[in-house]
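Have a look at the chain first, then read on.

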Amino acid sequence: MYHGGTNFGRTAGNFIATSYDYDAPIDEYGLVRQPKYDHLRDLHKVIKKCEPILVYGELTVASLGDNQQSYVYRSKSGACAAFLANNDTKSSASVTYNGMSYELPPWSISILPDCKTAVYNTARVRGNKVQMKMSRIGGFSWKSYKEQTYNDDKKAFMTSGLLEQVNMTKNFMESDKNTFTDTGLLEQVNVTRDRTDYLWYTTHVNISENEQYLKNGQYLALTVSSAGPSLHIYINGQLTGIAFGGLERSTLTYTGNVKLRAGMNKISLLSATVGLYNGGTHYESWNYGVLGPVILNGLNEGKRDLSWGQWIYQVGLQGEALNLYSFRGISSVNWGEASKAQPLTWYKAFFNAPEGNDPLALDMNSMGKGLVWINGHNIGRYWPSYKAHGACNGCDYRGHHNETVCISNCGESSQRWYHLPRSWLNPTDNLIVVFEEWGGDPNGISLVKRVGE
């Protein structure tokens, strides 16, 4: 890839970050990456110089040693271009071609546009590496609003005294049929039609006052099996646990102790996708969401399978229904002082565009997982708490290429900085809205610019 890019909004595939860069010669911010850019530019120049011979010439391949070959293109007019290859991954080689000696570094090719002079070698990189860095510009002054966990009673919405908010949410749900009841557990994307990352699964469980665990002061064990990739478990409106899958295996099983009281209890499961599979074979057959089983253990009856009970489904979040990421939507709720470590929380702030033309980004390293908008534009999903793993043993490009030859930043955030296009900004009063799923520290979010050292 020659020019890196950004997966804005919800366009990224499964477990793919917003940064679509791959160390390209031109990065996702539009800046050249040196010395790779010049090295590739020089390669293009020499290939262009050889173009007529490569297109119309005849190829001859000859051995120059145990692991060395010559690839010579010769035209009818007698012009020729030679490519001298050393396939040895460890040792340099001295080869003789046309009576002349050439030194070839390990795993490299020298290009001779006139079959005499080596003007380019793939392993000899000229110029110094230009190290780019993110320079902090400043932070934000946040206000917050707590996302309401799904409650079919609607009283949870009433407690804040926001009658307009309740009506807007109710109208959205009724008009778009985003809330319904069905028997059993449904696949997520078939329900959401990929209009949102989020789907609530809610069921009610009646607990007899004669249950032995109540008398012994014990807990029940809840097991939830999900196709993933991310899950929040709420018991009677209180967050009980969070589970998530991974790139290699997105399915997950959550098992944890839950405290259910005598009488009716509510179990709410918020399933969140992190992009959909978009490649390979039969990717349309992949499933998402809570597919079960969902089992309670520790009752007098032993275990109770809730999978085929009555489940209430709500597509999306209340904040999405209210468009809390827009200038109009933010006025529909009352925002309070921001605090950290609050799951399912919306944050908003205003800022002015910084001077200059340097590319901009958001440093989201203090947050957990969620989405971020600028002036209503969705920058994309962030998940800095998902750490990169593998063996960081430096970079060695000798030999056949694979994804492990140059792994870096092991143990650090899979992505920390999120590209913010300047074209999305106004000179003043820009709105930033963050939806945090897990509970991070918004005071650690900062605006940065990308500059060379």
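Start with Cys-392 and Cys-410, which are joined by a disulfide with an S to S distance of 1.9 Å; a disulfide here is a pair of cysteine sulfur atoms within 2.5 Å. The torsion about that S-S bond is about 95°, so this disulfide is right-handed. Cys-392 sits in the loop between β26 and β27 (394-395) and Cys-410 in the loop between β28 (406-407) and β29 (417-420), so the pair ties together parts that are 18 residues apart in sequence. Those labels come from DSSP runs numbered from the N terminus: helices are H or I with at least four residues, and strands are E with at least two.

Before going further, note that this is a predicted model, where local features need pLDDT of at least 70, side-chain atom pairs count only at pLDDT 80 or more, and totals for chains, interfaces and linings use all residues. Residues are numbered from 1 along each chain as its sequence is written, and side-chain values use heavy atoms, with hydrogens and water left out.

How many disulfides does a search of the whole structure find? It finds 3, and here they are:

| Pair | S to S distance |
|---|---|
| Cys-80 and Cys-115 | 2.0 Å |
| Cys-392 and Cys-410 | 1.9 Å |
| Cys-395 and Cys-406 | 1.8 Å |

The Cys-395 and Cys-406 bond has a torsion of about 45°, so it is right-handed. Cys-395 is partly exposed at 46% relative accessible area, and Cys-406 is partly exposed at 28%. (Buried means under 20% relative accessible area, exposed over 50%, and partly exposed in between, using a 1.4 Å probe and protein chains only.) By contrast, Cys-80 and Cys-115 are buried.

If you number the bonded cysteines in sequence order, the pairing reads 1-2, 3-6, 4-5. Cys-50 is in no disulfide, and the nearest cysteine sulfur, that of Cys-115, is 8.7 Å away. Cys-50 is buried, at 1% relative accessibility.

Now for the charges. A salt bridge is a side-chain nitrogen of Lys or Arg within 4 Å of a carboxyl oxygen of Asp or Glu, and the count comes to 16. One of them joins Asp-21 and Arg-33, 3.0 Å from N to O. Both lie in the loop between β2 (19-20) and α1 (36-49), so the pair ties together parts that are 12 residues apart in sequence. Another joins Asp-197 and Arg-381 at 2.8 Å, N to O. Asp-197 lies in the loop between α5 (188-192) and β13 (198-207) and Arg-381 in strand β26 (residues 377-382), so this bridge ties together parts that are 184 residues apart in sequence. Both of these residues, Asp-197 and Arg-381, are buried. They also belong to a salt-bridge network with Arg-10 and Asp-194.

Finally, zoom out. The chain has 7 helices and 31 strands, and buried residues make up 47% of its 453 residues. Its C-alpha atoms fill a box of roughly 95 × 55 × 40 Å along the principal axes. Among contacts (heavy atoms within 4.5 Å) with a separation of 6 or more, 68% are between residues 24 or more positions apart.
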